[in-house]
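User: I would like to learn how to read the contacts between chains in a model like this one. Please take me through some features one at a time.

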Amino acid sequence: MSALAQQLGPGLLIATLAAPLIVLALFLAPASRGLARAITPLAPAPALAGGALAIGGAPFGAELPALRVSLWLDRPGGLLLLAAALVWLIVSVFALKEGQGRPNADRFAIAWLLTMAGSLGVFIAADLLTFYLVYALVSIPAYYLVAHDEEAASRRAGAVYLAFALLGEAVLLLAFVMLAAGEPSGSVHIRDVVAALPASPWRDGALALIIIGFGMKIALVPLHGWMPLTYRAAPIPAAAVLSGAGVKAGVIGLIRFLPLSAAFPGWGEALVWAGFISAFYGVAIGVTQRDPKTMLAYSSVSQMGVIAAALGIALASADQGAATNVAFYAANHVLVKAALFLTVGAVATLDGRARLLPLILAGLLGLSLAGLPLTGGALAKLAVKDLFGAGAAGIAAQLSAAATTALMLVFVMRLARSPAAARAGASRGRLWSWAALAVAALLIPGLMFHAIGSAAEVLEPAKLWDAIWPMLIGAMSAAGLWVVRDRLPRIPAGDIVVAEEAAFRASLSLGPTTERADRELRQWPAAGLALLMVALALVAAGYASR
Amino acid sequence: MTSATLAGLVGAALVGLGLYGLIANPQPLRKILAFNLMGSGVFLVFGIVARKGAGAGLQADPVPQAMVITGIVVAFAASALAVALVLRLFEAAGRATLNPDGWTEPPGDGAGAE
Amino acid sequence: MSLLVDLFSIVAIGAGVFFFLAGTVGLLRFPDALSRLHALTKADNLGLGLVVLGLLPRSESLLAALKLVAIWALVQLAGATAAQLVGRAVRRKGTAA
Amino acid sequence: MTVDSSAIAATAGGSLLPLAILVPALGVLLSFLIGGRRAEWIALGLMPLEFAVAVAIACLVWRSGQPLVYTLAGYAPPLGIALRADGFSAVMLLTAGLIAPAAALYARTNFATPPETEKRAPLVFWTLLQGIHAALSLVFLGGDLFNLYVGLELLTFAAVPLGSLDGRPETVAAALRYLLFALFGSVFYLLGVALLYGAYGTLDIALLAPLVRPEPAVWLAAGLITAGLLAKTALFPLHLWLPPAHANAPAAASAVLSGLVVKGSFFLVVRLWFDVLAALPGVIPGTILAGLGSAAILFGSVLALRQARLKLLIAYSTVAQIGYLFMMFPLASGPWAADAFSGGVMQAISHAFAKAAMFLSAGLVAESLGHDRIAGLDGAARAMPVTFLALGLGGLSLMGLPPSGGFVAKWLLMKASIASGQWLWAIVMAAGGLLAGGYLYRVLAPALSGESPALKKAPARSRESIALALALVALLLAFAPPSFFAFLQIGRPAAGLALQ
Amino acid sequence: MSVLQALDIGLASLVFAVATWTIFAPGAFAATVGYVVYGLLLALVWIRLFAVDVALTEAAIGSGVTGVLLIGAAARLRTAGTAGDEKPLSGLSRLFVAVLCVLVALALAGVVLLLPDQGPSLAQQSMQALPETGLGNPVTAVLIAYRAFDTMLEKVVLVLAVVGVWSLAADKYWGGAPGEARAASPEPTLAFLAQILAPLGILVGIHVFWVGADEPGGAFQGGAILAAMWIIVMMARLTEAPQTNAFWLRVALVAGSLVFLAAGVAGAIFAGSFFAYPPGFAKPVILFIEAFMVLSIAVTLPMLVAGPPRREPRQ
């Protein structure tokens, strides 16, 4: 198996990155545009194979020195790559075809392929520069997936999304530069720079920036405002891939860049706190929402919180093995969340009885997030159980499961009552891929689990009870919430983002001030005076540094 | 107090004067005057340098002198171009001022002579 | 002999300088443009003339002497023209201020 | 410390250096002499030759690993004048050698000369374009500070009239401001030169370097020369002349002015501080320069965000991008010096290509829509995708997103500033990228959405591809191999490798 | 103190006083006149610095031709007024500017005084190299031999300046003549002056250029004097400026730099280095080049003074 990996691996890694770009090239040529649309679902195939290969065997890598690209895939990366590729593959089956002929279809397709390349690339990027490149790819073109239809809401969501994305880029650029500067030999390989981090003089600055930068991507409270807006505004397929695959760029970022080899209790605990706060905050706001897509977004905020908390514990206790377990938890979320979004899309196109099956499926998927036995979710919980241990963290994890249960049940009921949208969206392909992804979301994690351990122990009574009781609490609180549903406070989607937008608008008043200053400075006497002062300042500087 | 030192002081003073005129004088033509004044001050500094470099039977180092001659010609060319611009501006706009404000927003295509 | 030459030079140049002085004073003190002009022209043709006259015997070559004379002649020409033009300008303006 | 004779002794192949200057100079004289439509043909005909010379110079420097030196008229410095080409000069020569022809080809439609009579704009444009080329070559190769003064004046005289080609009052006013401020700078420069000659009796850079000692004459000279050059580079707060001059010139001229001309005086600031004054402790002056640079980045970007016209936006982004160039000065000494230098140079080159591409595309936009108001750009990208692709790719480099030369430049500069513990610069540069993203969003977001507008005339594919090609060069710089950065270090005291 | 020192101090203070006047004079015209006077006085300062070549250039170009240029402009701008002018500086900021300027002046003065009295110099080397050039005037040698490259490029600067000035013409006037048309009845006095002065001046100009090889003088100064003569003739409106599309004019404008450039390239072929002169033939070649430079300067300066074309071209 590993021998095979060494033979096929490098090729697959390069193909993972190349395939979407090749399809893009085809798409840009008007002649082959139709062909490109048709074969888009095949673009993630190499990634799928590569992921499977990595889960099974030893890590493998590939170098393209001419392009300054170096790739590398290990087990955690493999788990996420596999899941992400699966989602991209299934959703691509209808995503581009559907849009065809509608306004902005081409723009959407180009953004789709670019985002795909980035989203798959982050899991295999091995050096700072490559990672920064693919991270930019997964973040920035997605703007056009979010702001696809040009209604006010999506414009706003797009602007907010882009602002956060660019801010994240800037923060990460600083972080990466610090990492590179801290590496004595001048290597930009992620493993080297992270290994050198504990000894680096810029350790804490780099860690802070890494957590903030990727925290934005995974919507760690209070950096989460963009996520609900975005997923509510984005078209179903876009929301599915972004919430499923796209967000995991942040997870892999934390996995790759947090120095899990050395213990950082302080930063670890900070991350744990931030994580659990997000986990419960997401649910608390989520249950007050009316719109199913927004609720799913908040559940993502909550789930990513759990992941952050898990990584925080690993960081505090220098637990390198944790990476794989967290990756598995995240991979499960990739599939389930994407499937849930497609379900929302499916439900919207049906009504009456026809909704029953999808709603049941939605319930199963939702509870899978909460760890329902016999679903991938149970395995996911199992994977991170030992990490949280039996202490306060363990309890918090259990409670977050309960909270998720509550949120998901309320979500299903809201979904059941959601108005039927125009049937136009209901293409056959969409229904098929929805079904396929739903099934995959429930089964694939089981297949991937052997990467971590045996699934048998899930069925031990004690473990079962551990899984069940939080869900019972969750179910009861869900019932309670449903009773008082109309008395819940109405909180705008994205909650604090509203305040953030206000602050931003306030900051715009800086513009006119600057303009006035500029007009003064561009007056001749002012400029002449400035020239004189610059000269004298430089003379004085020379004298001072004698 | 040699004539060279004296000229040096004058040169410095001229630079200061020209500088002031160049910055504080509102009319472009006066700025051009000030520029020439300042320039001649700089040339005088060259002159001092040349004078202090007297030797080898020469009363002054010829190299800086040559530079001054080149400089004077260049300064004249500059003044000529500047004056032409001032006059053109005066013809076109009825005023000769460097004030950036108050120009009409250029007609749509900023593409100049296209 | 040389003593005489020196004496001549001194007297001539001294006189020339005097005329310059007078002309300058006139330029500053006289009320209106035309009379100032009058004073000025005296200064340069007579004053400069005498100075040149005083210098002539001291010039070491004939060429130098001729150059001195040429200078005087040119200044005459320029001075006369300038005076003419200023005069016209003043008349055109009408005011003799 | 003594001069190694190699600094003033002519090297093999040095005779290419005067050619790089004389060929375009000859072009100026012939174009003006023969005039008519031949001016255009002379300009276009000589450009391949000029580029070939630049390439040859680069190859020789590359092969020998030493700077090329040529002593003119057979008189070695200090009496005579020397020309020198190190790695930096060669790269800048190549940049100019590529951008000038691109602008020329682009401008052919705007400045085509009618067969019968000679027309004003074409003759002036073609003559002055070659003048700029000659002046830049001189600035990049000159080894004598007074000779460089002549080069600077040549540059100013060639650049100023281009800004007022269309004769509208505001453009004439802009040109006048440009000229007077540039002259202001020239006088300062010349004064500094006089002092240096008075102190050391030579103006040859290589001969001065070992003589320079920290003493009043040098401090005053350094301050005056630097300030004078900054005035010509339009480093904030000395940018009063740049936005109107660059925004009102014909697109092709703007591309050359914004991409190349401001780099000329910047190049000399580098020469001054890295070569002439290398012996002086430069941290405090460098900090002042970088401080002004930071102010330029923030100030210029915010103003770019506020502009209503595309070309003004691009001009203000030049004000901001110039700021990055000066980040290298406080980082000039230390183990990170090589990174800082490479970063600064990379910024100069990539901005040259990116900005040229953006101005050319902006020109196409203005011609096709009949205006360049940002408010009126809705859907324009659908009507002329290639133009906006060029604009966007150029913007990518300005933002410093990979893969682009702008990213490499930023990366190196930020790395150096972090490594040297001078945090502030890194933070400012990161913020600058953010703001750049902001003002590009202002242009691209509307352009890519909404109904595509009706065009007055569709942009010619050939001209679009010129802009696109320039933008692509700016991107390809991201893949510059380590040997490229080694090349930049040729002629520098301490050679080092970047991006490793 | 000796008489000469007294003279020096008097001259210095006079120069300073006139300079101050040109800066602070109330009217632009008065200031310009002040500048011309200042230029002439400056020429005397240059004499006292034993830089006679510079003195000639300053008198001819720095004061003379520049003076004509500026006075002409001032006269035209008399009606300009100060509409939409920069808002004049407040008293306080004026003071601030003044203080900084004084600071610069003081720093400069200090440095100049600190310069060693027997400073570094290239006088020695210029004299040593002088024989190869066959010239007697080291300044000319620097201009035309040692630093020939500077001089050639500076000629190109002049050409660019002409292009720049002409570029300000209105499109319809392109190719036409600048300045006023030839007058039917020229100003008699001026005409008289011109008729007498011009021949003399031309003689002097050529003489100054010719002696320039060995004594003070040279192409710049000679050319400037010839230029002044043409300007006077044009001012007297005995003749009018030529059409800017006249081929002979273009030739005259670029001749100096073109010949110089050609000679420079020829030097690379025959004397082994760009702008080098074949040993033995140096002087004739130099005089050849200078002759064309005189021509170009004599034509360029008046054209720069005349400004952009202002009349439609005659076919």
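**Reading chain contacts and a helix face**

Analyst: Between chain A and chain D, 10 residue pairs are in polar contact, both residues of each pair being at pLDDT 80 or more. The cut-off is there because this is a predicted model.

User: How many salt bridges does the rule find between chain A and chain D?

Analyst: A salt bridge is counted when a side-chain nitrogen of Lys or Arg lies within 4 Å of a carboxyl oxygen of Asp or Glu. The rule finds 2 salt bridges across the interface of chain A and chain D. One of them joins the side chains of Glu515(A) and Arg306(D), at 3.3 Å from N to O.

User: Now the interface of chain E and chain B. What are the residue counts and the buried area there?

Analyst: Chain E gives 88 residues to the contact and chain B gives 80 residues. The area buried between the two chains is about 7,200 Å², and carbon and sulfur atoms give 76% of that area. The rule finds 2 salt bridges across this interface. Among them is the pair Arg310(E) and Glu91(B), whose closest N and O atoms are 3.5 Å apart. There are also 12 residue pairs in polar contact between chain E and chain B, both residues at pLDDT 80 or more.

User: Which helix gives the largest share of the side of chain E that touches chain B?

Analyst: Helix H3 (residues 52-76) of chain E does, with 13 residues. By class, that side of chain E has 58 nonpolar, 18 polar and 12 charged residues.

User: Where on helix H5 of chain E do the buried residues fall?

Analyst: Begin with the list, then look down the axis. The buried residues of H5(E), residues 123-133, are Ala123(E), Ser126(E), Ala129(E), Leu130(E) and Thr133(E). Seen down the helix axis, these buried residues fall within an arc of 140°, so they line one face of H5(E). Gln128(E) and Pro131(E), on the other side of H5(E), are exposed.

User: What do the buried residues of H5(E) pack against?

Analyst: They pack against helix H3 (62-93) of chain B, and also against helix H6 (138-146) and helix H11 (282-306) of chain E. Just after H5(E), Gly134(E) takes a positive phi of about 75°.

User: Last, a single residue. Where does Glu457(A) lie, and what does it touch?

Analyst: Glu457(A) lies in the loop between helix H20 (428-448) and helix H21 (461-483) of chain A. Leaving out residues up to four places away in sequence, Glu457(A) touches Leu382(A) and Lys463(A).

User: Is Glu457(A) buried, partly exposed or exposed?

Analyst: Buried means under 20% relative accessible area and exposed means over 50%, with partly exposed in between. Glu457(A) has a relative accessible area of 29%, so this residue is partly exposed.

Definitions and conventions. Residues are numbered from 1 along each chain as its sequence is written. Chains are lettered from A and ligands numbered from 1 in the order in which they are written. This is a predicted model: local features need pLDDT of at least 70, side-chain atom pairs count only at pLDDT 80 or more; totals for chains, interfaces and linings use all residues. Side-chain values use heavy atoms; hydrogens and water are left out. Contact means heavy atoms within 4.5 Å. Buried area is the accessible area (1.4 Å probe) that two parts lose on being put together, summed over both. A polar contact is a pair of N or O atoms within 3.5 Å; within protein, one must be able to donate a hydrogen and the other to accept it, and residues adjacent in sequence count only if both atoms are side-chain atoms. Helices (H or I, at least four residues) and strands (E, at least two) are DSSP runs, numbered from the N terminus. Ala, Val, Leu, Ile, Met, Phe, Trp, Tyr, Cys and Pro count as nonpolar, Asp, Glu, Lys and Arg as charged, and the others, Gly among them, as polar. Buried means under 20% relative accessible area, exposed over 50%, partly exposed in between (1.4 Å probe, protein chains only). The arc is that of the directions from the helix axis to the C-beta atoms.
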